[in-house]
Amino acid sequence: PVSRHAATPRRTPFTQGPAMLKKILLILLVLVIAVLGYAATQPDSFAMERTISINAAPEKIFANVNDFHAWENWSPWAKLDPAMKTTYGGPASGVGATYEWTGNSDVGSGKMEITEATPSTSVTIKLDFLTPIEAHNVTVFTMTPTSTGTDVSWKMSGPSPYMTKVMTTFVSMDKMVGGDFERGLQQLKTLSEK
C-alpha cells in the first residue's frame, strides 16, 4: 500500500548549505567582536628597545647618529628603496636637523627631526610616519661608556591609537620593528668600529 505520509526530504550538502553558511558567518562575527574587544583593553602607548655593545668611543657613535647624512651608511631602511627621495633641512647635525623621505611601500614617507642632543651621550628624535600608516613617535639613542667601548640603546615609544591596537593584536610592535632596529644597530657597529 502507498503511504499517506509525505516522505521527509533527505538533508544533503546542498540543503545544509545556507544553515552551514550562517554558522560560519556567526563564528566569524564572534571572532571579530572578540578581537575588537581585546584590542580596546590594550595600553594606550608602546615602547620597544634594542641594545648593542660597540667597540668604539661614544664620540664616534654619537657623530654617526647625530648627523642624518651619516644615516645613509647604517640605517636599516636606507637601502630598501634605491629610488627613495630624501631631503635634509636645518643645521647639518644636532638639534633642528631634519630628514624627510618618500619611497616605495617598504619605506613609505615621513620626517625625522633631532629635538635633543647631548654630546656623546644621547640623541632624541621626533619621528613622524606619514605613509603607509600615520604615526607620531619618539626615538632615543643612548650611549653608555663601558670598559670595552660603548653600549648603545635605540628606543622607540609613542601612542597606540585604536587601529594600532587592533593591528598589534596579531603582530606586536616589537616584532614589526625589532628586527630592523637590530639590523640598524649591527650596521652602526660595523661603521663605528672601522
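Which residue in S4 stands opposite Thr-98? Glu-113 in S4 does.

This is a predicted model, in which local features need pLDDT of at least 70 and side-chain atom pairs count only at pLDDT 80 or more, while totals for chains, interfaces and linings use all residues. Residues are numbered from 1 along each chain as its sequence is written, and side-chain values use heavy atoms, with hydrogens and water left out.

**View 1. Strands S3 and S4 form a hairpin.** Helices (H or I, at least four residues) and strands (E, at least two) are DSSP runs, numbered from the N terminus. Two strands pair if DSSP finds at least two bridges between them. S3 covers residues 98–102 and S4 residues 109–118. They pair in the antiparallel sense over 5 bridges. Thr-98 faces Glu-113 across this pairing.

View 2. Gly-110 stands opposite Phe-129 in S5. This hairpin has 3 residues between the strands, and Ser-120 takes a positive phi near 65°.

**View 3. Ser-120 sits in the loop between S4 and S5.** Ser-120 is buried, at 18% relative accessible area. Buried means under 20% relative accessible area, exposed over 50%, and partly exposed in between (1.4 Å probe, protein chains only). What does Ser-120 contact, leaving aside its neighbours within four places in sequence? Its partners are Pro-58, Glu-59, Phe-62 and Met-143. Contact here means heavy atoms within 4.5 Å.

**View 4. Two hairpins follow: S5 with S6, and S6 with S7.** S6 covers residues 135–146 and pairs with S5 in the antiparallel sense over 8 bridges. Phe-129 stands opposite Ala-135 in S6. 3 residues lie between S5 and S6. S7 covers residues 149–159 and pairs with S6, again antiparallel, over 9 bridges. Here Pro-145 stands opposite Thr-150 in S7. 2 residues lie between S6 and S7.

**View 5. Trp-71 and Trp-154 form an aromatic pair.** The structure holds 14 aromatic pairs. Rings of Phe, Tyr and Trp (its six-membered ring) pair if their centres lie within 6.5 Å; planes under 30 degrees apart count as stacked, over 60 as edge-to-face and the rest as tilted. The ring centres of Trp-71 and Trp-154 are 6.4 Å apart and their planes stand at 85°, so the pair is edge-to-face. The pair links distant parts of the chain, 83 residues apart. Trp-71 lies in the loop between helix H2 (58–66) and strand S2 (85–89), and Trp-154 in strand S7. Trp-71 is buried at 4% relative accessibility. Trp-154 is buried too, with a relative accessible area of 1%.

**View 6. Ring pairs link aromatic residues into a cluster.** Its members are Phe-68, Trp-71, Trp-74, Trp-77, Tyr-88, Tyr-99, Trp-101, Phe-129, Phe-141, Trp-154 and Phe-181.

**View 7. Arg-50 and Glu-182 meet in a salt bridge.** A salt bridge is a side-chain nitrogen of Lys or Arg within 4 Å of a carboxyl oxygen of Asp or Glu. By this rule the count comes to 4. The Arg-50 to Glu-182 distance is 2.6 Å, N to O. This pair links distant parts of the chain, 132 residues apart: Arg-50 in strand S1 (residues 45–54) and Glu-182 in helix H4 (residues 173–192). Glu-182 is partly exposed, at 42%.

**View 8. Asp-180 forms a salt bridge with Arg-183.** Their closest N and O atoms are 3.2 Å apart. Both residues lie in helix H4, 3 residues apart, about one turn of the helix. Arg-183 is partly exposed at 33% relative accessibility. Lys-189 forms another salt bridge, with Glu-193; the closest N and O atoms are 2.9 Å apart. Glu-193 is partly exposed, at 34%.
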